[in-house]
Amino acid sequence: MSEKVSTTNERRLTIARAMAEAIAQEMRVDERVFVMGEDIGGLGGVFGNTRGLIEEFGKERIRDTPISETGFIGAAVGAASDGMRPVVELMFVDFFGVCMDAIYNLMAKNTYFSGGNVKVPLVLMTSTGGGYSDAGQHSQCLYGTFAHLPGMKVVAPSNAYDAKGMMTAAIRDENPVVFMYHKGLQGMGWLGTEAGATVNVPEESYEVPFGKAAVVREGTDVTIVGLAMGVHNALKAADLLAKKGVSAEVVDLRTLVPLDRDTVFESVRKTGRLIVVDEDYHSFGVSGEIIASVCERDLSVLKAAPRRVAYPDVPIPFSRPMEQFCLPNPDKIVAAFDTIGGA
Amino acid sequence: MQPNREQQLWMYEHMLVSRYFEEAIEKIYLEGKTPAFNMANGPIPGEMHLSNGQEPCAVGVCAHLDAGDIATSTHRPHHVAIAKGVDLDRMAAEIFGKKTGLSGGRGGHMHIFDPAVNFSCSGIIAQGMGPAVGAALSRKMSNREGVAVAFLGEGAANQGAFHEALNLASVWKLPVVFVIEDNAWGISVPKADATAVPRNDVRAAGYGMPGVHVAGNDPFAIFAAAGEAIARARAGQGPTLIEIETSRLAGHFMGDAEGYRPKGEKEALFARDPIPRMRDRMIAEGNLTAEGDAEIAARAQARVDAAIAFARASDYPAAEEALERVFA
């Protein structure tokens with residue numbers, strides 16, 4: 001959040017409203033931009049990120065779809081290749097199972113398979129995350145799943161300022177962008193929300209560039225890397241650690257593809273310790289990638305073994321005590337530091 | 001609706017180009033693959049799905065399209081690509097994996113993209129349908145002319161993507177035509193063992209659009225059915241589903257021993273090869289002479305020879321180019 005354009009602007013927006021504002025501003029200046037997805041019209045999106053758009057732009061450009069993710073995401077690929085700039089909603093990222101071919105075999109590969117002659121400027125926005133007892137078909141993050149597959153950019157904002165700037169950048173990008181917004185940050189009253197995600201947002205249009213992580217808190221003893229909800233857990237953990245006299249630096253990745261390995265590495269070189277927070281599954285995912293990218297570059301910057309605080313390798317349970325037990329939280333991050341802090 | 005003489009000649013010549021092209025590919029494909037057949041060897045490695053026998057579907061439909069219209073095809077795309085006007089030299093080079101190929105060798109025979117004529121294909125069954133619907137949506141939303149045609153096989157009609165695309169196209173009344181090339185086989189499984197209805201055109205009723213059946217692999221009948229459907233789409237009256245009975249004269253892919261075919265089927269199919277039938281009909285109706293036929297055949301063969309020569313003479317890409325063009 002060090003890159004705020006205007007700190008005097010007192011207007012605070014939720015991520016949901018920031019996303020809708022970015023889309024509206026792009027739609028006003030670029031008639032190729034349109035939105036489609038389930039319940040994104042009159043309802044304004046189940047998670048509020050298209051609220052108000054149908055009133056301004058009408059049903060043609062704010063297009064409710066049948067419950068046919070394969071059909072409409074495949075259609076978005078065709079429309080994008082034909083010169084449009086669709087913004088498409090996959091209501092829950094967990095639903096990727098019914099439409100992944102359109103995403104990873106068409107959207108992500110057509111540019112490469114055409115030798116760069118076909119462009120697919122498509123934004124696939126999708127909700128992630130749990131914590132509200134919706135169980136494992138509506139609560140996953142799956143960051144690593146998408147970031148693993150080449151051909152699509154993947155972003156996951158932690159706050160409304162970034163959400164607006166990254167949505168604007170996503171719509172203007174010539175490539176497919178998977179815009180992953182965390183339900184717990186969205187600002188929907190009925191879901192409960194993380195207060196830190198609702199921040200000052202300039203009214204004017206701006207871009208937050210992809211591939212640039214943000215150091216959202218500076219420190220000297222440990223680097224805590226996270227994205228989306230993980231950033232807020234990391235910031236709270238940093239407060240707790242500060243009370244113990246430990247200075248934690250917090251890095252918000254913001255973008256997974258392209259990944260800003262440099263900022264992570266420079267931070268770890270300074271602090272010598274690394275904890276990665278990820279609400280996605282523990283194994284084969286973002287946390288392992290971050291640790292590997294530091295170790296591969298220079299193992300000697302580490303004073304202690306890296307640690308990860310990630311979701312255990314189990315489907316997400318319904319029962320509140322079980323789900324809360326599994327989720328990353330500030331106390332787990334502090335406990336992870338305690339295992340490496342003395343080194 | 002009947003093709004006029006000029007259209008017939010165009011259809012016939014493109015059928016010949018497609019047939020000759022695949023005859024050349026078939027021969028070259030086997031280079032380096034004998035005595036032991038290894039798909040990875042030879043100047044054309046990988047899977048090879050030939051479309052010989054299915055040429056009438058491509059020319060009967062594409063006779064109504066121009067470069068601005070959109071066509072999506074399947075893992076068996078050559079005939080449609082040729083009828084749609086894809087650059088034959090660069091398509092051949094792509095099939096050889098050469099630098100001069102349409103995609104610089106990244107796609108190969110199942111991933112042919114030529115945006116100059118709005119042609120693309122995908123190796124995944126039924127997955128060209130969504131993009132065709134979307135391209136039609138794009139034209140409708142931006143008030144640009146053009147229809148989209150999605151080619152698919154009869155096996156694709158059992159994919160979820162088929163049903164989603166039909167419903168979406170109909171509920172949004174889009175200028176798109178779905179063309180099923182029913183060659184009766186999904187690799188080794190006959191249509192009757194896989195499909196709950198004898199004819200897929202009846203499925204159109206479930207999506208509130210006309211369904212049309214074309215029997216006999218007849219380019220004239222295909223031309224008529226496609227002409228009506230495409231005119232309907234251009235007039236803003238929405239999508240049509242067409243199922244064409246066609247024939248796959250080759251195996252599913254090269255190397256397929258075709259042990260699943262009933263005895264005598266191949267011979268019967270070759271006896272009804274659509275190319276000599278079209279030639280005979282045109283001659284009988286006075287639209288083609290023996291000399292004219294020889295001239296067209298020579299021109300088609302020369303076109304193919306030039307494309308193959310271009311592909312053979314082209315260089316391979318530098319291996320490191322594999323790392324480029326992931327993003328635009």
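I count two residues as in contact if their C-beta atoms, placed from the backbone, lie within 7 Å. I also keep in mind that this is a predicted model.

**Entry 1: where the chains meet**

I looked up the contact between the two chains. Chain A puts in 35 residues, and chain B puts in 34 residues. Which helices of chain A each supply at least two residues of the side that touches chain B? I found helix 3 (69–81), helix 4 (100–107) and helix 5 (110–113). Helix 3 of chain A gives the most, with 11 residues. I then sorted this side of chain A by class. It has 15 nonpolar, 15 polar and five charged residues.

**Entry 2: chain A as a whole**

I turned to chain A on its own. I listed 12 helices and 14 strands. Its C-alpha trace spans about 60 × 45 × 40 Å along the principal axes. I checked the radius of gyration next. For 343 residues, a compact globule would have a value near 20 Å; chain A has 19 Å, so the two agree.

**Entry 3: the sheet of seven strands in chain A**

I traced an open sheet of seven strands in chain A. The order is 3-2-4-5-7-6-12, and the pairing is mixed. Which strands are at the edges? They are strand 3 (62–64) and strand 12 (255–257) of chain A, and each pairs on one side only. From one strand to the next, the twist averages 20°.

I reminded myself how such a sheet is held. Strands of a sheet pair through backbone hydrogen bonds, either parallel or antiparallel.

I picked one pair to follow. Strand 4 (residues 85–92) and strand 5 (residues 123–128) of chain A run parallel, and five bridges join them. I looked for the partner of A:Phe92. It is A:Ser127, in strand 5 of chain A.

Helix 3 of chain A came up again here. This helix packs on the sheet and touches strand 2 (33–37) and strand 4 of chain A. Its direction makes about 160° with that of strand 4 of chain A. Helix 3 of chain A also gives the most residues to the side that touches chain B.

**Entry 4: the sheet of five strands in chain A**

I went on to an open sheet of five strands in chain A. Its order is 9-11-10-13-14, with mixed pairing. Strand 9 (214–217) and strand 14 (307–311) of chain A stand at the edges. Each has a single partner strand, so one side of each has no neighbour in the sheet. Neighbouring strands here are turned by 25° against each other on average, direction ignored.

Strand 10 (residues 222–226) and strand 11 (residues 248–252) of chain A run parallel, joined by five bridges. I found A:Ile224 opposite A:Val250, which is in strand 11 of chain A.

Which helix packs on this sheet? I found helix 8 (residues 229–243) of chain A. Helix 8 touches strand 9, strand 10, strand 11 and strand 13 (274–281) of chain A. Its direction makes about 170° with that of strand 11 of chain A.

**Entry 5: chain B as a whole**

I moved to chain B. I listed 11 helices and eight strands. The radius of gyration is 19 Å, close to the 20 Å that the globule rule gives for 328 residues, so chain B is as compact as a globular protein of that length. The C-alpha atoms of chain B fill a box of roughly 55 × 50 × 40 Å along the principal axes.

**Entry 6: helix 1 of chain B and its partners**

I took helix 11 of chain B as a partner for helix 1. Helix 1 (residues 5–29) and helix 11 (residues 290–313) of chain B pack at about 45°, with axes 9 Å apart. Are they parallel or oblique to each other? They are oblique. Their crossing is right-handed. In helix 1, the residues in this contact include B:Val17, B:Phe21 and B:Ala24. In helix 11, B:Ala300 and B:Val304 are among those they meet. I counted 12 nonpolar, one polar and two charged residues in this contact.

Then I took helix 10 (residues 274–284) of chain B. The axes of helix 1 and helix 10 of chain B come within 10 Å and cross at roughly 155°. That makes the two roughly antiparallel. The crossing is left-handed. Helix 1 brings residues including B:Gln8, B:Met15 and B:Arg19. Helix 10 brings B:Ile275, B:Met278, B:Arg279 and B:Met282. By class, the contact has six nonpolar, one polar and two charged residues.

Key: Residues are numbered from 1 along each chain as its sequence is written. Chains are lettered from A and ligands numbered from 1 in the order in which they are written. This is a predicted model: local features need pLDDT of at least 70, side-chain atom pairs count only at pLDDT 80 or more; totals for chains, interfaces and linings use all residues. Axes are lines fitted to C-alpha atoms, for helices over the stretch in contact, and angles run from 0 to 180 degrees between N-to-C directions. Helices (H or I, at least four residues) and strands (E, at least two) are DSSP runs, numbered from the N terminus. Angles under 35 degrees count as roughly parallel, over 145 as roughly antiparallel, 65 to 115 as roughly perpendicular and the rest as oblique. A crossing is left-handed if the near helix is turned anticlockwise from the far one by less than a right angle, and right-handed if clockwise. Ala, Val, Leu, Ile, Met, Phe, Trp, Tyr, Cys and Pro count as nonpolar, Asp, Glu, Lys and Arg as charged, and the others, Gly among them, as polar. Two strands pair if DSSP finds at least two bridges between them. The radius of gyration is taken over C-alpha atoms; the globule rule is 2.2 Å times the number of residues to the power 0.38.
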